Amino acid sequence: EAKYRSFIELAVDAIFVVDRDGMILEVNQQASAITGVARERLLGASMMTIVAAIEPEANPFPLEVLAQGVAIMRPCRIGRPDGAVVDAEIHAAMLPEGSILCACRDISERKQAGEERRKLQAQLMQSQKMESIGRLAGGIAHDFNNLLTVINGYSRMLLGTLDADDPDRDSLEEIDRKSTLLNS
């Protein structure tokens with residue numbers, strides 16, 4: 001028994017042994033750390049109040065599923081007395097004598113890292129969109145410059161063929177001025 005007690009105490013997960021009514025029978029020190037409640041106060045308390053403080057509809061260990069020998073794993077949120085909320089993952093299985101063994105792991109850092117990764121991915125996507133728009137705009141500007149060069153060349157060629165008093169000369173000079181201005 002001492003050997004198994006030391007295994008439980010050294011576990012990185014919070015360990016709860018709960019009866020069928022959800023009353024806590026045994027806990028390890030990590031259970032106190034994750035809940036923020038002293039071990040002595042956890043013993044005899046309802047497991048549901050720890051989880052239900054945040055998610056009243058949550059049932060961390062449905063007896064009808066566990067009684068069939070099925071172990072469950074699901075996310076939950078644990079409300080601490082100081083008002084903090086711990087995102088956790090709870091694993092539960094029914095023991096041979098009918099009590100329920102729950103291992104609870106704090107996943108707050110993993111969840112926060114996931115959210116940060118999603119934000120960084122969104123920023124990367126936005127950056128890639130902006131880069132694509134920049135390339136597109138650069139391509140359009142290049143094509144427009146090419147068109148203006150052709151217009152500018154043809155207007156100068158035509159100006160060379162017109163007499164100084166030709167009525168179309170003013171219009172062609174205006175085209176030449178505008179295309180030169182836009183092309184620079």
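A contact here means heavy atoms within 4.5 Å. On that basis, residues 24 or more positions apart make up 38% of the contacts in the protein chain with a separation of 6 or more. The model is a predicted one, where local features need pLDDT of at least 70, side-chain atom pairs count only at pLDDT 80 or more, and totals for chains, interfaces and linings use all residues. Residues are numbered from 1 along each chain as its sequence is written, and side-chain values use heavy atoms, with hydrogens and water left out.

As for overall shape, the radius of gyration (over C-alpha atoms) comes out at 37 Å, whereas a compact globule of 184 residues would sit near 16 Å, going by the rule of 2.2 Å times the number of residues to the power 0.38. The C-alpha trace spans about 115 × 35 × 30 Å along its principal axes. Of the 184 residues, 28% are buried, that is, under 20% relative accessible area with a 1.4 Å probe, protein chains only.

Seven helices and five strands make up the secondary structure, taken as DSSP runs (helices H or I, at least four residues; strands E, at least two) numbered from the N terminus.

One aromatic pair turns up. The ring centres of Tyr4 and Phe7 are 5.8 Å apart and the planes stand at 75°, so the pair is edge-to-face (centres within 6.5 Å, planes over 60 degrees apart). Both residues belong to helix 1 (residues 2-10), where a spacing of three residues puts about one helical turn between Tyr4 and Phe7. Tyr4 is exposed at 57% relative accessible area (the cut-off is over 50%), while Phe7, at 48%, is partly exposed (between the buried and exposed limits).

Notes
Phe/Tyr/Trp six-rings, centres within 6.5 Å; stacked < 30°, edge-to-face > 60°.
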